[in-house]
Amino acid sequence: MNKAFQKYLMLPVLLLFLTGPCCSAQTAEKKFPQLKLWYDKPANSGTRDVDNVFESDPEWLKALPVGNGYLGAMIYGDVNRERIQLNEKSLWSGSYQDSNNPAAALSLEKIRELLFQGKYREASALTEKTQVCKGPGSSGKQYGSYQTLGDLLFDFQTDAPYTDYRKELDLDNGKVIISYLQAGIRFKREIFASYPDRAIVIRFTADRHSAINFKVSMTRPERFNTRAANGHLLMSGTLDDGKGGIGMAYAARLKAVAGSGKISLTDNAIMVQHGDAVTLILTAATDYALDYPVYKKGNPLLTSLSQLQSAAAKGYDKLYQRHTQDYQALFGRVQFNLAIGGRDTIPTDVRLENRNDLRLQQTYFQFGRYLLIASSRNGTLPANLQGMWSNKIKNPWNCDYHTNINLQMNYWSADVANLSDCFSPFTDLVESLVKPGKQTARIQYGANGWCSQTITNVWGFTSPGEGTSWGMYTAGGGWIAQQLWDHYTFTKDPAYLKRIYPILLGSAEFYLSWLVKNPATGELVSGPSTSPENSFHAPDGSVASVTMGPSHDQEIISGLFTAVIQAGRLLNDNSDLQKRIKQALSELARPKIAPDGRLMEWPEDFKETEPAHRHVSHLFALYPGTQISPQNTPDLALAARKTLEARTDAGTGWSLAWKISFWSRLEDGNRAYSLLQRLLNPTTNYRVNMSDGGGTYPNLFCGHPPFQIDGNFGATAGIAEMLLQSSDGEVHLLPALPDAWPDGEITGLKGRGGFEVSLRWKSGHLQAASIRSLTGARCRVRTGSPVSLFGVKSVRESSYYITTFPTVKGKIYRLSANVPVLNKLK
């Protein structure tokens, strides 16, 4: 056992002896312990940011995040020289660009012919020559990059030593708290990002009169001007549009409010002297709008000023009340406890050194929910590759939206973790890609409908990337469209279905144009296409990535067509287009099982160049898709298991998170748990590694490496998948419970079909469950042992028990396990 962890592990015993049983009993009686990330030392705010685009800054990864979907901040917590790094989520360089390649469609038929003939070397060369985007793509300045808004730099005008330091992220209330003793004075800072008031609020207090003194400036690495403006600081500027002109405009404002003491302004700083309690309010805005093809609206100077005036007029107490009321209405929907009691006496970075720490695991689950609330709210852009937190001008992969898994993974937990409200930015982005995607479909491929590829940005980029091995990915549009349908299966919102149905239809219409018949089998296949970022040894001796009918494409299209047919049935659409989709679905080539028992990634049994590749795209049908399951397709499920065994448990951060859900769907909770343990390993690997090295940084951000937030979201979804799985109308309780979680309780998870589910288990067995019907749909419950519901008996089905019953909207149905003693679920 690590010595640092061992030291903290002894503390609860000492505390019990000192405080007596009464205090400890009160703490243990709390059903769900307080959720906090906490540390006994600050991050070093004086370090210089790493220049390498593909390398994260170690000290930045000790800072703690707050966000409201629009604005984000990373709090270092340094005592004498604090830094709070800022983000405004729409702040992007670049501009809209025409990247569709009209020459691409002319070569499609020839490429397909070469691939069907097995001439992979020639086909790959022609694909690389003709099928990429026009221009430099994502490597060019016009594509742009997400950027840091800048920094608040604090000088507290002392170098005095300090003691009793604590920095924490309070997940229950959505704020960062820093406290310490210095010169006999207890100082405290509280920072939160308010969604209702579109502001970041920073509160300074001390337990001695007139003790608060500091100077704060607002700056960024480039293209800014900071000045005093009517009692506050204003930082403003414009970014590079990537074509020699002026791009996005932005403005940020910072105001200090104090009941006592003196506040003064210089040209670029605020001075606070002898304050008792001081509140800083920061607002920021850009002139960006998610509106193709202009992408511009409003005046950030006016918007940020209006927001500042409104927030400042409310006062700190009202701002905090509005923040907590809004935040807790979302975060408080789900509670999770792995039978952990007592005080949390071990700092979070020390907890990371113990791979079996149950408190860390339940906190990590809730931290993922916190990050989604903080980075994805109605009216904002969706969470990007880093959610919304970035301290660079040029970011890894531009901190954009990758649609070959990463954007989708960001939202896997939204519904099951009862944060469906946070899904709307994903819908808005997909909807915004339809118009530019129609241009790409028509110009690039001579096809109907709309499509998008591997990458997109805030400027509506839907063309292939600048390289075919990773950038040619026509399955992207089908995947993100299908995820809209999956969201509907949780909410059953008829208005939402009507909104997304044209998007689904347009995507399906593209694939009707794109699919061709394999001359050898007569089946419909997608291509030329890739299995994301992977490659194989072709029969002609070449290494290739392009083929016809990779399993991933076929699964995506099958899932999309099925969703469109189901949606059309609900909306009474009997059009000819629906009939064509049904016919095409019946003719689609399906994934095959290789002679070694694995699911084939490509249409032939090719040998992959990287047997342990991070992408396991041909298992889309297992998760997040539902075409493969142990109950309905046992042979394919076994093939998926063998595929995962061969792929190994190595991987980048997000890859490890994906594998948690794979093994959960295969109902192997112990293997899923081992992947969670691997993901939670502390890592000091900050530079890009595309094969292995995934882990967790001190502030619990996921290491790809470098930092990439999809692993956080994917792990939260994976933990939920261990406890609850669902298809439309069926919920499966405790499908992959690991041995390491013998006792526990979770409340408020959501299942497809419109159900809210709470569970309690003991000694590895379900004790009680409650199911609240959100829509009044019929419910089918799958369990590993029989349960009772007002006399409704479970029916044995293979190795499971099925309980089916009608529901009334809004009513809660309580199921009990058939055991002699039962503690009612409250």
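Where is leucine 734 found? Leucine 734 sits in the loop between β28 (730-733) and β29 (744-751). Helices (H or I, at least four residues) and strands (E, at least two) are DSSP runs, numbered from the N terminus.

This is a predicted model, in which local features need pLDDT of at least 70, side-chain atom pairs count only at pLDDT 80 or more, and totals for chains, interfaces and linings use all residues. Residues are numbered from 1 along each chain as its sequence is written, and side-chain values use heavy atoms, with hydrogens and water left out.

**Backbone exceptions: phi**

- Most residues other than glycine have a negative phi, and most peptide bonds are trans.
- Leucine 734 is not a glycine, yet its phi is positive, at about 50°.
- Leucine 734 counts as buried, at 14% relative accessibility. Buried means under 20% relative accessible area, exposed over 50%, and partly exposed in between (1.4 Å probe, protein chains only).
- Tyrosine 295 also is not a glycine and has a positive phi of about 55°.
- Tyrosine 295 belongs to the loop between β16 and α6. Its relative accessible area is 3%, so tyrosine 295 is buried.

**Backbone exceptions: cis peptide bonds**

- Tyrosine 292 and proline 293 are joined by a cis peptide bond, with omega about -5°.
- Proline 293 lies in the loop between β16 (277-286) and α6 (300-314).
- Glycine 527 and proline 528 are joined by a cis peptide bond, with omega about 5°.
- Proline 528 is in the loop between β21 (524-525) and β22.

**The sheet of 7 strands**

- This open sheet has the order β2-β3-β4-β5-β10-β15-β14, with antiparallel pairing. Two strands pair if DSSP finds at least two bridges between them.
- β2 (64-67) and β14 (262-265) stand at the edges; each has a single partner strand, so one side of each has no neighbour in the sheet.
- From one strand to the next, the twist averages 20°. Axes are lines fitted to C-alpha atoms, for helices over the stretch in contact, and angles run from 0 to 180 degrees between N-to-C directions.
- β2 and strand β3 (residues 71-75) run antiparallel, joined by 4 bridges.
- Leucine 64 stands opposite isoleucine 75 in β3.

**The sheet of 3 strands**

- This open sheet has the order β23-β22-β24, again with antiparallel pairing.
- β23 (543-544) and β24 (607-608) are the edge strands, each pairing on one side only.
- β22 (residues 536-537) pairs with β23 over 2 bridges in the antiparallel sense.
- Histidine 537 has valine 543, in β23, as its bridge partner.
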